[in-house]
Amino acid sequence: MEISAASASLTSSGLVPRLLPPLFYPPQARTTSCAPFSSAKLISPPHRRIPPSPCLADQSASTGVNVVDSDPIDAVKRKAIDISPQLKGASIFLVGINNHIKTNLGKLLAESLRYYYFDSDKLIAEAAGGNTSVQALKEADEMAFKESETEVLKQLSSMGRLVVCAGDGAVQSLTNLALLRHGISIWIDVPLEIAAKGDDPFSSEPSPELYEALKANYEKSRKGYDTADAVISLERIATKLGWEDLETVTSEELALEASLMLFDYYSLRS
């Protein structure tokens with residue numbers, strides 16, 4: 001696909017809806033329960049950061065979920081059943097450096113909550129004709145690429161019952177940050193050294209090229225990450241569990257932490 005054609009297709013109103021066909025979603029997934037945002041919220045968001053949940057090892061007493069003795073996947077699903085009524089279909093946006101930990105967490109959360117899962121960057125790439133085409137578009141017409149990021153995020157944020165792995169563009173503009181307010185945003189804080197290992201979780205060394213690219217994106221996105229409603233820190237969870245190797249933290253443990261945060265968030269609002 002040529003750059004000009006890709007630019008036009010991504011920013012038009014016709015292409016992205018075909019990626020997200022309305023009939024693909026159940027009726028309740030086409031609306032969200034969150035109130036519309038206002039321009040005042042862009043300047044001074046009224047939300048407050050969700051405090052970290054108790055250590056996973058101490059959660060049995062406070063939640064009724066026996067984390068130690070039960071199958072981790074079952075513990076996540078049981079907690080998801082508890083929080084589903086409170087969510088009322090509100091979407092969840094995962095922000096942070098793109099990596100396999102964030103992706104696996106997003107898919108597990110979607111499965112446990114019976115939500116739909118989307119990766120916003122992949123939707124943009126599909127619309128452009130693949131990763132090579134979207135990279136060429138980004139280099140040739142950065143404004144058109146940013147408009148495509150906003151268009152995809154706008155459509156995703158207008159629906160409910162989604163878990164969205166959002167790209168860096170979701171936190172790099174006030175417009176996109178406002179769209180995240182249609183749901184709840186969680187910053188998945190993964191150290192650059194781990195994220196730079198790419199899609200191979202068994203790689204022993206980070207890629208120097210990928211590390212530098214991720215570092216540059218992180219510096220551009222850091223302030224946006226700070227606006228998230230909650231933070232899940234891989235380092236903090238590993239420390240609480242007494243593990244020196246951060247990569248031993250499982251997707252199930254991260255998903256349970258996210259579920260507890262969501263439960264606390266909506267309990268405070270009710």
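**Exercise 1. Classify the residues that line the largest cavity of this predicted model.**

Solution. The lining divides into 3 nonpolar, 4 polar and 2 charged residues. Now put names to the classes. The lining consists of Ser-120, Asp-121, Ile-124, Glu-149, Leu-153, Gly-167, Gly-169, Ala-170 and Asn-176. Ile, Leu and Ala count as nonpolar. Asp and Glu count as charged. Gly falls among the polar residues.

**Exercise 2. State how many cavities of 30 Å³ or more there are, and give the volume of the largest.**

Solution. Start with the count: there is 1 cavity of 30 Å³ or more. Then take the volume: the largest cavity has about 70 Å³.

**Exercise 3. Find which elements give two or more residues to the lining of the largest cavity.**

Solution. Two helices qualify: H7 (120-128) and H9 (142-157). H7 gives the most, with 3 residues.

**Exercise 4. Describe how H7 and H9 are arranged: parallel, antiparallel, perpendicular or oblique?**

Solution. First, the axes. Those of H7 and H9 come within 10 Å and cross at roughly 120°. Second, the class. Roughly perpendicular covers 65 to 115 degrees, and roughly antiparallel needs an angle over 145. H7 is therefore oblique to H9. Third, the hand. The crossing of H7 past H9 is right-handed.

**Exercise 5. List the residues that make the contact between H7 and H9, then sort them by class.**

Solution. H7 supplies Ser-120, Leu-123 and Ile-124. H9 supplies Phe-145, Ser-148, Glu-149, Val-152 and Leu-156. By class, the contact has 5 nonpolar, 2 polar and 1 charged residues.

Terms used. Residues numbered from 1 in each chain as written. Predicted model: local features only at pLDDT ≥ 70, side-chain atom pairs only at ≥ 80, totals over all residues. Heavy atoms only, no water. 1 Å grid on protein atoms, 1.4 Å probe; cavity = no way out; pocket = protein on both sides within 12 Å on 5 of 7 lines; lining within 4 Å. Points joined across faces, edges and corners; volume = space filled by probe spheres on them. Helix = DSSP H or I, 4+ residues; strand = E, 2+ residues; numbered from the N terminus. Axes fitted to C-alpha atoms, helices over the stretch in contact; angles between N-to-C directions. Parallel < 35°, antiparallel > 145°, perpendicular 65-115°, else oblique. Left-handed = near helix turned anticlockwise from the far one by under 90°. Contact = heavy atoms within 4.5 Å.
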